[in-house]
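Take a walk through this model.

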Amino acid sequence: MATLLQQAFRRKPVGRAAAETDDDGRLVRSLGLFQLTMIGVGATIGTGIFFVLTEAVPVAGPAVIWSFVIAGVVAGLTAVCYAELASAVPVSGSSYSYAYATLGEVVAMGVAACLLLEYGVSSAAVAVGWSQYLNQLLGNLFGFRIPDALSQSPEGGGVLNLPAVVLVALCALLLIRGASESATVNAIMVVIKVAVLVMFVVIGVTGWNSDNFADFAPFGVTGITGAAGIIFFAYIGLDAVSTAGEEVRNPRRTMPVAILLALLTVTVVYVAVALVAVAAQPQAAFEGQEAGLAAILEQVVGASWPGTVLAAGAVISIFSVTLVTIYGQTRILFAIGRDGMLPRFFQRVNARTSTPVNNTVVVAVAVGLLAGLLPINFLAEMTSIGTLVAFLVVSVGVMVLRRTAPDLPRGFRVPGYPVTPILSIAGCLWIIIDLRAITIAVFAIWVAVVLVWYFTYGIRHSRLRPAATDPHEDAR
Amino acid sequence: MTLVVGLPRDERASAAVQLGVMLAASLDEDLVVCTVVPPPWPPGMGRVDAEYQDYLDRGAQEAVERARGLVPAERAAAFVVTRARSTSAGLLQVAQEHRARLLVLGSSTAGALGRVAFGSVADRLLHSSPLPVVLGPRGFRCRPAARVRRVTVAFGATEGSGELVVALAGVAARAGAALRVASFAVRPRTPLTAGIGAHAEDAVAHEWAADAEHAQRAVLEEVARLPQRPSAAGSAVGYGTDWEEAIEEIGWEDGDLLAVGSSTAGPLERVFLGSRSSRIVRHSPVPVVVVPRAATQALAERAERR
């Protein structure tokens with residue numbers, strides 16, 4: 001009889017994981033450097049930049065520019081570590097799957113708790129940001145705004161953020177019907193997002209006022225790292241490059257370059273946007289500003305059209321981000337369900353639509369509630385902490401695996417080992433400790449809840465249970 | 001009993017007739033090869049229309065003569081030129097007069113060679129015909145002695161699908177053919193921007209397929225209990241990121257016939273091609289039969305009798 005500890009740290013055999021997902025050798029390595037970079041840029045830009053300044057500038061002042069750089073560097077380090085782990089474990093999936101194969105079941109469940117934040121809570125945050133830009137667009141085009149009661153969280157003086165809830169419901173409906181984001185749609189979205197941000201920079205720079213930099217870092221380094229914690233949210237998605245490894249031609253060379261290029265592109269765009277934004281208006285103006293970028297543009301130009309264009313771009317592109325994020329969440333839960341750690345309910349696939357309908361509905365209800373009732377800064381911070389901890393585990397995993405399986409063939413190795421993973425871990429910790437105490441407390445409670453679930457349900461239903469009867473079979 | 005072949009008056013004719021001959025041989029039915037010409041205008045001034053009618057009639061006769069050459073002598077066959085306002089109405093009328101059980105059509109020239117493509121006539125019939133419609137792929141050819149050797153039933157693990165399998169099992173048994181129950185797990189690629197790897201969607205497809213296989217086994221057990229069974233019975237699941245890939249994956253041979261059911265969105269008595277079946281039909285490399293729900297019921301009852 002295995003001890004509890006042995007059970008909790010059992011690892012999913014890699015062969016088994018590969019057999020489940022990789023049914024055919026049909027998948028050809030088709031991605032080159034450019035496409036991979038585009039995946040990184042497409043997955044990253046749009047999650048945060050459209051609304052993160054409103055939350056970050058009051059924390060850091062104009063020095064928020066450095067927060068962007070710090071968050072970017074940490075995101076880059078973690079993405080590089082992630083890429084090694086992804087290439088070492090012949091499993092396809094999220095950091096949950098990698099943790100399960102290398103660090104053990106209980107760690108995988110901890111990572112799963114983080115991923116629920118990275119995906120579930122971030123889609124709620126993104127939906128809230130979307131509702132701000134929708135309101136801006138409606139106001140500019142039709143002179144009509146959804147009243148605060150129906151477009152603000154209770155903390156913001158409203159009852160329910162209805163547009164955010166509707167967006168989540170709409171995405172769920174599309175996903176239930178089997179929608180997916182193709183490479184073409186991603187490319188179009190990248191163009192839209194980058195185009196509106198470039199437009200913001202080009203037009204916004206005319207409102208440059210150096211006086212706004214007078215009090216550059218009112219809250220010192222703490223303010224800068226505190227803001228980096230919120231801003232880290234805007235870099236989520238860079239890990240999409242790391243997980244695409246198995247489709248990449250010559251990953252050893254392409255992978256780090258693509259991560260670097262995507263990171264550079266994204267950071268340059270972000271810093272430019274942040275620089276123009278803080279130069280355009282005094283820092284006090286950021287607090288509580290809705291649809292920030294559009295509002296700044298209108299102020300600079302003194303007309304509504306640039307704000308309208310930007311808001312339209314944001315409404316379209318944030319929609320696709322929400323769709324993909326909710327999609328990711330449902331498939332992660334699906335994977336956990338297939339491993340037996342969630343009830344079978346979560347892995348049922350509807351015969352007619354061939355999509356996991358139950359799962360999607362549960363995710364949509366949860367995300368809809370979060371998006372409807374919670375303010376964006378809290379959601380953004382929860383997303384950041386979840387992602388940071390997940391990446392931290394990944395970086396630790398890289399070091400553990402180098403020790404436990406030094407001879408494992410790795411498609412990609414972290415350059416500058418062991419400095420890179422250590423820096424990555426340190427960077428994550430540095431940002432995490434400067435987050436608000438409430439965020440850290442809620443995060444700890446959340447992880448505890450998931451672990452209680454694991455030790456009461458997951459550990460007994462795991463498909464790795466010795467001599468487990470296949471839950472597949474007895475359910476039928 | 002009879003089978004009506006809609007005869008186009010151009011190069012598509014031989015594909016339709018050869019398909020009709022193969023089906024008639026397999027099911028041991030008579031053939032009625034029918035071409036439809038537009039009716040004359042009401043008598044009026046000038047009488048110029050008569051000349052055009054004459055031209056049409058001659059064309060129709062020539063087409064019929066050519067078709068005659070394609071039908072083996074031992075097969076009982078009638079050749080009909082009928083006048084009707086629309087080709088689909090004309091074919092249905094002839095089918096009714098001959099109490100036909102099956103309507104056979106060729107593909108439109110607009111499609112790819114070797115794939116089923118339906119033009120306006122087939123489209124109309126696929127949404128209104130009271131009897132099953134068979135559509136051949138464009139450029140269909142077979143030996144004069146060819147027969148249906150295997151019937152593949154598209155099985156969706158949804159209601160009504162089991163009945164279609166039983167119905168076609170009966171048909172396959174009578175034709176001395178094998179039966180294959182096929183399901184298609186079609187899921188798009190995992191978007192890489194989601195950051196969850198390239199295979200997340202495969203897991204969904206596998207889960208769906210596991211359910212489908214379970215249902216396939218159940219329906220094959222039902223087939224095994226029939227009084228007259230097909231020469232062999234098997235199942236297949238085709239995976240793909242789109243329908244074409246999934247349908248191709250299960251492999252096809254000469255002598256294959258694919259059967260799809262009618263949508264529950266349409267009337268019971270008539271063929272009504274649903275969106276899903278329509279995609280299957282369009283990507284089929286072999287002749288496809290679309291069966292109305294009422295006919296499915298009747299065939300299934302017949303298969304279960306004795």
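This is a predicted model: local features need pLDDT of at least 70, side-chain atom pairs count only at pLDDT 80 or more; totals for chains, interfaces and linings use all residues.

Residues are numbered from 1 along each chain as its sequence is written, and chains are lettered from A and ligands numbered from 1 in the order in which they are written.

Begin with chain B. It has nine helices and 10 strands. Both are DSSP runs numbered from the N terminus: helices are H or I with at least four residues, strands are E with at least two. Along the principal axes, the C-alpha atoms of chain B fill a box of roughly 75 × 55 × 35 Å.

Of the 306 residues in chain B, 51% are buried. Buried means 20 or more other C-beta atoms within 10 Å of a residue's own, exposed means 12 or fewer, and partly exposed lies in between, with C-beta atoms placed from the backbone. Among contacts in chain B with a separation of 6 or more, 74% join residues 24 or more positions apart. A contact needs C-beta atoms, placed from the backbone, within 7 Å.

Now pick one residue. Is Ala265(B) buried or exposed? Ala265(B) is exposed, because 9 other C-beta atoms lie within 10 Å. Its place is the loop between β9 (256-261) and α8 (275-282) of chain B. Leaving aside neighbours within four places in sequence, Ala265(B) is in contact with Phe272(B) and Gly274(B).

Next, the interface. Here 38 residues of chain A are in contact with 26 residues of chain B. On the chain A side, α2 (14-21), α3 (33-44), α11 (239-243) and α14 (305-338) give two or more residues. The largest share, eight residues, comes from α14(A).

Finally, look within chain A. The axes of α9 (residues 183-204) and α12 (residues 251-280) come within 9 Å and cross at roughly 35°. Axes are lines fitted to C-alpha atoms, for helices over the stretch in contact, and angles run from 0 to 180 degrees between N-to-C directions. Residues of α9(A), including Val194(A) and Phe200(A), meet residues of α12(A), including Val269(A) and Val276(A).

Terms used. Two residues are in contact if their C-beta atoms, placed from the backbone, lie within 7 Å.
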